[in-house]
There are 2 protein chains.
Amino acid sequence: MIKVVVLGAGNLGYHLTQKMLNSTTIKLIQVYNRNIHKIEYLKDKVEITNNLNHLKQADIYILCVSDNAIQEISSHLNSPTKLVLHTSGATSIDNLKSNSEKGVIYFPQTFSIDKNVNFNNIPICIEASADKSLTLLKKFASEFSNNIYLINSEQRKVVHLAAVFVNNFVNHLYYNAEQICNEKNVPFEILHPIILETVQKIDKISPFKAQTGPAKRQDTKTINTHKAMLTSTQLDIYTLLTKSIQETYVKKL
Amino acid sequence: MIKVVVLGAGNLGYHLTQKMLNSTTIKLIQVYNRNIHKIEYLKDKVEITNNLNHLKQADIYILCVSDNAIQEISSHLNSPTKLVLHTSGATSIDNLKSNSEKGVIYFPQTFSIDKNVNFNNIPICIEASADKSLTLLKKFASEFSNNIYLINSEQRKVVHLAAVFVNNFVNHLYYNAEQICNEKNVPFEILHPIILETVQKIDKISPFKAQTGPAKRQDTKTINTHKAMLTSTQLDIYTLLTKSIQETYVKKL
């Protein structure tokens, strides 16, 4: 049994905790959160605390806290033989300031409290400061998913940056499309099938080959019609992405 | 039986033709294309032609041609009692210059020759110049899908514009993310699960509520780290979309 303490009760901490409570290989022995009220619902299932000096002995301490809190909280975790992990995509392993074995377990996924998680489908990016830790970390990670990648700190930053493009920015484009539809009483649901098809396409062909539309076709008439329909910021987005698509295909064809 | 002539053999024309050849309610009687070689594979199944003066009598003529060709080709279709349809998202019904009944059937979807289409899942936007034509058009459209919307020319332009955001622009963000990954030998497949989750989320919650990430969190440190990793055009895209997300949440919260 791998004994684990979870630190932090945000979206990721919540879902990891739920998964570990149902594991037969991992024994969740304690959950820490600065605000104890947020984890009181766990108190019948596992020990809870809001005091870093009261942490129990465990094999792994896993930080599910904001990026800014990693240095400060890890500096309290000084058990040389134990493994301290952070879960941040944007943070180097060197930001762990504990006098301990160090590692990172990063889930490139978007988590919401109100949506169940099937960890089997989620890739896991891991990194460790020593081979021994890596063995333990692999064993721990394989309890969540078999989709495990060895990714160093520099590569992890790349995964996180690319995830901003395909998740945060894509979602913002969905938001803008919904605004455009609402303005003229067009139901946004009309677009759900094309949204899904766009995603499914890139499982089969590269995004470079999958590109279609007026920008790629250099269809200036349609582009100008579209531009006349947009608000100021939408127009900036339309103009820049159209230019970028055109440059991509002029350059490469 | 509704007798139909298809004009044009691009991606949409191809998939409509395949569907009609297997229909028991629609009788595809002829396919026209400017370049006859592109439709020769059909000649054992249906009459083909590249001469607009040789078109047969039909109930519906459906133009699957580029937006620029709609006026010119429709001007040759002068059968007052027949229905002439175009299939363009960006074009008004008034661009049909035939002396006939007029209508539009627009499929807000991205079609590729090498990917099969399940029309059942595709919404259909229809518009007609007269009630009688609308009845025939509804009957015709219902052979493809029951997901039919009455959408006028102004609304259809909105659907098309919004589709550019959620399809063309989203695909271009996928392309950029893939480039970012390739640069550092990170497999792009790591991002497929988060791409799919981003899409599935907006079936349940609005894109406004689904937004996450450093821009919304005003996480300036991560934003600056990301900016330092990008090429010039990627940096422009990152900066503009980050600004737009921040403005959206400052404005609305």
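Analyst: Between chain A and chain B there are 26 residue pairs in polar contact, both residues at pLDDT 80 or more. A polar contact is a pair of N or O atoms within 3.5 Å; within protein, one must be able to donate a hydrogen and the other to accept it, and residues adjacent in sequence count only if both atoms are side-chain atoms. Several elements of chain A give two or more residues to the side that touches chain B: α4 (153-183), α5 (192-204), α6 (207-210), α8 (220-227) and α9 (232-252). α4(A) gives the most, with 27 residues. Helices here are DSSP runs (H or I, at least four residues), numbered from the N terminus. By type, this side of chain A holds 44 nonpolar, 28 polar and 16 charged residues. Ala, Val, Leu, Ile, Met, Phe, Trp, Tyr, Cys and Pro count as nonpolar, Asp, Glu, Lys and Arg as charged, and the others, Gly among them, as polar.

This is a predicted model: local features need pLDDT of at least 70, side-chain atom pairs count only at pLDDT 80 or more, and totals for chains, interfaces and linings use all residues. Residues are numbered from 1 along each chain as its sequence is written, chains are lettered from A in the order in which they are written, and side-chain values use heavy atoms, with hydrogens and water left out.

Salt bridges come next. Chain A and chain B share two. In one of them, the side chains of A:Lys184 and B:Glu154 meet at 3.1 Å, N to O. The term means a side-chain nitrogen of Lys or Arg within 4 Å of a carboxyl oxygen of Asp or Glu.

Now the extent. 88 residues of chain A are in contact (heavy atoms within 4.5 Å) with 88 residues of chain B. The two chains bury about 8,600 Å² between them, and carbon and sulfur atoms give 69% of that. A:Phe165, A:Val166 and A:Ile190 supply 8% of the area that chain A buries against chain B, more than any other three residues. Buried area is the accessible area (1.4 Å probe) that two parts lose on being put together, summed over both.

Inside chain A, the domain assignment, automatic or from a database, gives domain 1 (2-151) and domain 2 (156-252). Their contact takes 13 residues from domain 1 and six from domain 2. These domains bury about 720 Å², 59% of it on carbon and sulfur atoms. One salt bridge is counted between them. A:Arg156 and A:Glu127 meet in a salt bridge at 2.7 Å, N to O.
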